[in-house]
Amino acid sequence: MAETVLALDAARLVLAGNAGPVEVLKDVSLSVGRGESLALVGPSGSGKSSLLMLMGGLERATGGRVEALGHDLTAMDEDALARFRRGNMGIVFQSFHLIPTMTALENVALPLELAGVDDAFDRAAAELAAVGLAGRMGHYPAQMSGGEQQRVALARAVAPRPAILLADEPTGNLDAATGATIMDLLFSLRDRHGATLVLVTHAPELAARCDRVLRLADGAVAGEDRRAAVSA
C-alpha cells in the first residue's frame with residue numbers, strides 16, 4: 001500500500017452563518033496515498049471546496065484531525081501552516097490569483113525566492129516553458145488570456161516541486177477547449193513531479209481521469225468509486 005500523504009479522521013468544519021453556525025463538513029475520514037489522484041465531486045454546497053481547504057490548511061478543522069505528510073495541520077498556527085504549504089503544497093484555484101504588477105516569470109519565481117531557492121528564476125523559466133509559455137515570460141497578467149494566466153498559475157504551483165497538488169475547479173473560468181488543455185497540463189505536471197493530486201470538479205470526464213472519485217453530499221462522504229466517471 002502506498003505511503004499515506006493526506007489523512008483526515010472525523011474532520012468537521014463549522015462556519016458562522018447569518019442564521020447561526022453552519023456544519024459544512026461532518027465527520028469526514030479518508031486517506032490519500034503518495035502519487036495518487038483523487039477527485040472530489042458532488043452538487044454545489046456539498047462541501048467539496050471546503051474539504052480541499054481543510055487538506056491545504058486554508059481552513060482549520062472545527063473537530064477531528066487533518067494530517068499532511070505526517071504533520072498534524074490542526075495543531076499548527078498560521079505561520080507554521082504557511083511555511084508548511086510553501087514547502088510541500090501547490091494550490092491551483094478557479095481564479096488565477098496572479099500578482100498584476102509582476103510578470104509571468106516574477107509570479108512563478110516569487111514563492112521560490114520566499115522559500116530560499118537559489119535558482120528561483122531559472123526554475124521558474126523552466127516551468128513556464130513546460131506549460132508552453134516560453135515566449136510570454138515577460139508579459140503581465142493583463143496582457144495574457146485566461147488560459148495563459150491559468151498556465152502561469154500551474155507553473156507557480158508545481159515550481160516548488162510539492163509533494164501535494166490541490167486544484168479547486170481549475171478550469172471553471174475557461175472555455176471547454178482551453179480547460180481541456182489545462183487539465184492535460186495538470187496531469188502531465190503531476191506525473192512529471194510524482195505529486196499526489198486532489199481535484200475538485202463538476203466535470204465527470206475529469207473525475208474519471210483520477211484514480212479515485214469521492215462523492216460528497218450535505219458535507220459528508222456519500223460514496224467512492226475507482227476509475228469511474230460519476231455525475232457531479
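Visitor: Where is the place of Val24?
Guide: Val24 sits in strand β2, residues 20-33. Strands here are DSSP runs of E with at least two residues, helices are runs of H or I with at least four, and both are numbered from the N terminus. Keep in mind that this is a predicted model, where local features need pLDDT of at least 70, side-chain atom pairs count only at pLDDT 80 or more, and totals for chains, interfaces and linings use all residues. Residues are numbered from 1 along each chain as its sequence is written, and side-chain values use heavy atoms, with hydrogens and water left out.

Visitor: Is Val24 buried or exposed?
Guide: Val24 is buried, with a relative accessible area of 17%. Buried means under 20% relative accessible area, exposed means over 50%, and partly exposed is in between (1.4 Å probe, protein chains only).

Visitor: And what is Val24 in contact with?
Guide: Leaving out neighbours within four places in sequence, Val24 is in contact with Leu13, Leu15, Gly47, Ser50 and Gly219. Contact means heavy atoms within 4.5 Å. The C-alpha atoms of Val24 and Leu13 are separated by 5.4 Å, with the two residues 11 apart along the chain.

Visitor: Ser50 is in a helix, I guess. Which residues of α1 are buried?
Guide: In α1, the buried ones are Lys48, Ser50, Leu51, Leu52, Met53, Leu54 and Met55. That is seven of the eight residues in the helix, which spans 48-55 and is mostly covered. Just after α1, Gly57 has a positive phi of about 70°.

Visitor: New topic. How do α3 and α4 pack?
Guide: Helix α3 (residues 104-114) and helix α4 (residues 120-130) pack at about 130°, with axes 8 Å apart. That makes α3 oblique to α4. Angles under 35 degrees count as roughly parallel, over 145 as roughly antiparallel, 65 to 115 as roughly perpendicular, and the rest as oblique. Axes are lines fitted to C-alpha atoms, for helices over the stretch in contact, and angles run from 0 to 180 degrees between N-to-C directions.

Visitor: Which residues of α3 and α4 make the contact?
Guide: From α3, Ala104, Leu105, Glu106, Val108, Ala109, Leu112 and Glu113; from α4, Ala120, Phe121, Arg123, Ala124, Ala125 and Leu128.

Visitor: Which residues are buried in α4?
Guide: Ala120, Arg123, Ala124, Glu127 and Leu128 are buried in α4. What covers them includes α3, α5 (146-158) and α6 (176-193).

Visitor: And what follows α4?
Guide: Gly132 follows α4, and its phi is positive, near 80°.
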